[in-house]
Amino acid sequence: MACLLLVAYHVVGIPGAGMQVGDDSIYRYATSSFDLIRMPVFTFLSGLVYAYRPVRRAELAEFSLKKLRRLGVPFLIISTLFYLLQTHAPGAHGTFAPAQMWRIYLFPYAHFWYLQALLLIFAMVAALEVAGLLDRPERFIIAFVASVAGCLTFWTDSNLFSVDIAVTLLPHFLLGLAVTRFGAQVPRAARVWAAGVALAAGVAVHQASLLGFLDYSFGWNSGVALLCGMGGAVTLLHAMPHSRIFRLIGRSSYPIYLHHALFTAGARMVLHRMGAGDLVVFLVALVAGITGPMILESLASLRPLTRVTLIGKA
């Protein structure tokens with residue numbers, strides 16, 4: 001579901017790009033409705049999975065190298081290729097500026113900011129793990145509350161290496177970690193009810209903002225975003241039905257994140273030239289953004305070099 005929400009968002013795109021629909025479009029409203037859930041859910045799942053094989057003090061160097069291979073190498077290679085495509089492909093809107101290209105590696109660029117943020121999140125979590133601040137519930141609660149405080153207050157002018165976003169999403173990662181590590185200590189009914197109430201409250205306020213009843217826009221570093229993201233993640237974790245198709249998509253979630261924009265943009269360009277309607281463009285581009293990276297993953301897995309550079313696998 002996280003993959004579908006992500007790809008759908010980039011199919012519609014920001015105003016003036018993507019499907020180029022109006023601000024009052026149902027597509028814009030639908031994707032905006034999930035703004036406070038989409039990436040928090042992705043980050044929650046990263047923390048949930050990480051907690052199955054957490055870093056140990058003796059394995060810190062090996063853990064760091066694996067994360068650099070998994071996140072850092074594809075970030076450098078794919079962001080470079082994406083930049084060159086954006087500035088050289090037929091119909092591209094970007095302007096090639098070699099003297100400024102270094103900025104895509106140090107500051108948020110396209111959707112690759114999330115890889116920067118994840119690298120910083122893993123570094124922060126590794127430091128907390130080595131310090132023993134996440135191994136017991138009482139210590140974890142202190143670290144978690146501190147992360148929430150950072151989410152609500154931390155901000156820099158430059159957002160170097162997406163540090164603002166890393167601090168903003170860290171609580172969601174820690175919540176995922178807690179569900180795996182300490183989840184058995186909290187009754188399932190209590191988790192479900194707490195998540196449902198948080199989600200309902202957050203969504204109600206967010207919808208009031210989207211529909212114009214509140215003259216305020218909520219970002220990821222707001223209390224409403226924490227309610228939507230955390231409540232939505234835990235609710236989806238318990239409510240999602242078992243599905244072979246979803247499991248198939250989920251196994252390729254990282255390649256889908258890395259490469260979906262290439263396939264959604266290509267599908268949109270072709271369909272727009274064919275004069276296709278918005279619904280056809282949305283559905284076809286959505287399918288392309290999911291299946292294209294899955295096919296690319298299969299092809300990249302055939303050679304060691306492409307496995308590392310394109311999907312971050314050994």
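1. Basis of the note. The model is predicted: local features need pLDDT of at least 70 and side-chain atom pairs count only at pLDDT 80 or more, whereas totals for chains, interfaces and linings use all residues. Residues are numbered from 1 along each chain as its sequence is written, and side-chain values use heavy atoms, with hydrogens and water left out.

2. Overall fold. The protein chain has 14 helices and zero strands; helices (H or I, at least four residues) and strands (E, at least two) are DSSP runs, numbered from the N terminus. The radius of gyration, taken over C-alpha atoms, is 20 Å, close to the 20 Å that the globule rule gives for 314 residues, so the protein chain is as compact as a globular protein of that length. The globule rule is 2.2 Å times the number of residues to the power 0.38. Along the principal axes, the C-alpha atoms fill a box of roughly 60 × 50 × 45 Å.

3. Of the 314 residues, 46% count as buried, where buried means under 20% relative accessible area, exposed over 50%, and partly exposed in between (1.4 Å probe, protein chains only). Among contacts (heavy atoms within 4.5 Å) with a separation of 6 or more, residues 24 or more positions apart account for 75%. The protein chain carries 23 positive and 13 negative charges, and their mean positions are 13 Å apart. In this count Lys and Arg are positive and Asp and Glu negative, while His and the chain ends are not counted. The place of a charge is taken as NZ of Lys, CZ of Arg, CG of Asp or CD of Glu.

4. Helix H14. The buried residues of helix H14 (residues 304–311) are Thr309, Leu310 and Ile311. They cover an arc of only 155° around the axis, which puts them on the same side of H14; the arc is that of the directions from the helix axis to the C-beta atoms. These buried residues pack against helix H4 (60–88), helix H12 (253–273) and H13. Gly312 follows H14 and has a positive phi, near 70°.

5. Ile295. This residue lies in helix H13 (residues 278–300). Ile295 counts as exposed because its relative accessibility is 53%. Its C-alpha atom is separated by 9.8 Å from that of Ser252, 43 residues apart along the chain.

6. Ser209. Helix H9 contains Ser209, which is buried because its relative accessible area is 14%. Leaving aside neighbours within four places in sequence, Ser209 is in contact with Leu214, Tyr216, Ser217 and Phe218. The C-alpha atoms of Ser209 and Met101, 108 residues apart along the chain, are separated by 37 Å.

7. Gln185. The loop between helix H8 (163–182) and helix H9 (188–210) holds Gln185. With a relative accessible area of 54%, Gln185 is exposed. A distance of 9.4 Å separates the C-alpha atoms of Gln185 and Pro137, which are 48 residues apart along the chain.

8. Most residues other than glycine have a negative phi. Gln20, however, has a phi near 55°; it sits in the loop between helix H1 (2–12) and helix H2 (26–33) and is exposed, with a relative accessible area of 55%. Ala110 also has a positive phi, of about 50°, although it is not a glycine. Ala110 is found in the loop between helix H5 (103–106) and helix H6 (113–130), and at 37% relative accessibility Ala110 counts as partly exposed.
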